[in-house]
Amino acid sequence: MERTVDADIVIVGGGICGLATALALHRKRIRSLVLERSEDLRATGAAIIVHANGWRALDELGVGSTLRQTAIPIRGGRLVFLSETQAKEIPFGIDLEFRCIKRTDLIKAMANSLPEGTIRTRCQVLSIEFDPLTRYPQLLLSNGSIIQAKVVIGCDGVNSAIANVFGLHRAKLLLFSTSVARGITDYPKGHQFASEFAMMNRGHVQLGRIPMTDKRVYWFVTRFGTSQDSMISKDPVLIRQSLMESMNGFPVGAMDMIENCELNHLHLTDLKYRPPWDLILNNFRKDTLTIAGDAMHATGPFIAQGGSASIEDAIVLARSLAQKMHNPYRSDQREKKAIEEALDQYVKERRMRLLWLSLHSFLIGKKLDARSFIVKSIILIILSFLFKDPDWHSRYDCGNL
């Protein structure tokens, strides 16, 4: 086997969180190595909603101004309740920055800002162990090589292999009864939608629509999962057909948007989540190993904070490490202790923020899952008591790098 020491910091996963963490470290003049198991950088899903807190974090990474050019600002919104007789609309305002960007645009913007050689694709991590002498982590890759690093950060998503080290096995992930389909529809001659977030409800089916540009619209549909979802999830034509059937009674324009969507951007997924109490009961740091993003706090998409929270993780993690690492006068033992202190600081700073995000998303997901009016009412009362400010999560500032 070939033993290599490529970087002080190894990041497992080349998704949004992994690249954001690498870029945040780069801005602090700390090199890292990103290991991505796929042949190319992955951008699962069609688009990502970014609230004001996410844009503040993207500005810290230095890519906010570039990404704003690809997404128009959303000025307001409305809830539409459809019925057999007439629709009822409730308008609402959006005071803070709110835009929707393509995931591939975000991935490219961050990857292009990283030094050459930072990202290594086709690198699947098979296992992770700790050196018996130094207690630094060692990664065994599928090609037989071993990478030894001072810090390993697991950013490998909702099905994280690195999270297994913390006892957060995939089997412990829970499922909402609701599934979600996401897509993008292009209008070559331009669409006529206002710069607003429109949310339509009919029964147990919800359609969200957000313009990305004057010719592109992002949308999502949530509904109860069916026994056929696992069979059709790999076939976008069948996904589209299933959505059209479940959306009987929606306006013609909404149906046309689904029918004319880009099939290569159409995804149907179950909604996996870690329960909020996992964020209280777990340490998230073992020696100099930690996790971030969905590997740490997989939630439902109901408050559209998964991506932004992952970018916040990157900012806080890089800032914490930069304060403690690379003192040339420290011994190896003292450096390891300093790294552990940095990771503890990161976990401490993120824990309560993530707990409230997770709890808010959890309650909304359970409200959508509920088939009983009484259960829905109880959850609504809890939501109105705990989360009176609908923009509370967007007002958060993770601070400067």
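**Close-ups of the sheets and helix contacts**

**View 1. A seven-stranded open sheet with mixed pairing.** The seven strands line up as β6-β5-β14-β15-β16-β13-β17 in an open sheet, and their pairing is mixed. β6 (88-93) and β17 (267-273) sit at the edges with a single partner strand each, so one side of each has no neighbour in the sheet. On average, neighbouring strands here are turned by 20° against each other, direction ignored. This is a predicted model, in which local features need pLDDT of at least 70, side-chain atom pairs count only at pLDDT 80 or more, and totals for chains, interfaces and linings use all residues. Residues are numbered from 1 along each chain as its sequence is written, and side-chain values use heavy atoms, with hydrogens and water left out. Helices (H or I, at least four residues) and strands (E, at least two) are DSSP runs, numbered from the N terminus; two strands pair if DSSP finds at least two bridges between them.

**View 2. Inside that sheet: β14 next to β15.** Strand β14 (residues 196-202) pairs with strand β15 (residues 205-211) in the antiparallel sense, over five bridges. Look for R202, whose bridge partner in β15 is V205. Helix α11 lies across β13 (174-186), β15, β16 (216-224) and β17, and runs at about 95° to β13. Contact here means heavy atoms within 4.5 Å. Axes are lines fitted to C-alpha atoms, for helices over the stretch in contact, and angles run from 0 to 180 degrees between N-to-C directions.

View 3. Strands β12 (residues 151-154) and β19 (residues 289-291) run parallel, joined by three bridges; I153 has T290 as its bridge partner in β19.

**View 4. α11 against α12.** Helix α11 (residues 332-369) and helix α12 (residues 373-386) pack at an angle of about 155°, with axes 9 Å apart. The two are therefore roughly antiparallel (under 35 degrees counts as roughly parallel, over 145 as roughly antiparallel, 65 to 115 as roughly perpendicular and the rest as oblique). α11 brings residues including W356, L359, H360 and L363 to the contact, and α12 brings residues including K376, I379 and L380. By class, the contact has ten nonpolar, one polar and three charged residues. Ala, Val, Leu, Ile, Met, Phe, Trp, Tyr, Cys and Pro count as nonpolar, Asp, Glu, Lys and Arg as charged, and the others, Gly among them, as polar.

**View 5. α6 meets α7.** The axes of helix α6 (residues 236-246) and helix α7 (residues 252-259) come within 10 Å and cross at roughly 170°, so these helices are roughly antiparallel as well. R240, L243 and M244 of α6 touch M255, I258 and E259 of α7. That contact holds four nonpolar, no polar and two charged residues.

View 6. The axes of α2 and helix α10 (residues 306-324) come within 9 Å and cross at roughly 40°. On the α2 side you'll find N53, G54, A57, L58, E60 and L61, meeting S308, I311, E312 and I315 in α10. Sorted by class, these residues give five nonpolar, three polar and two charged.
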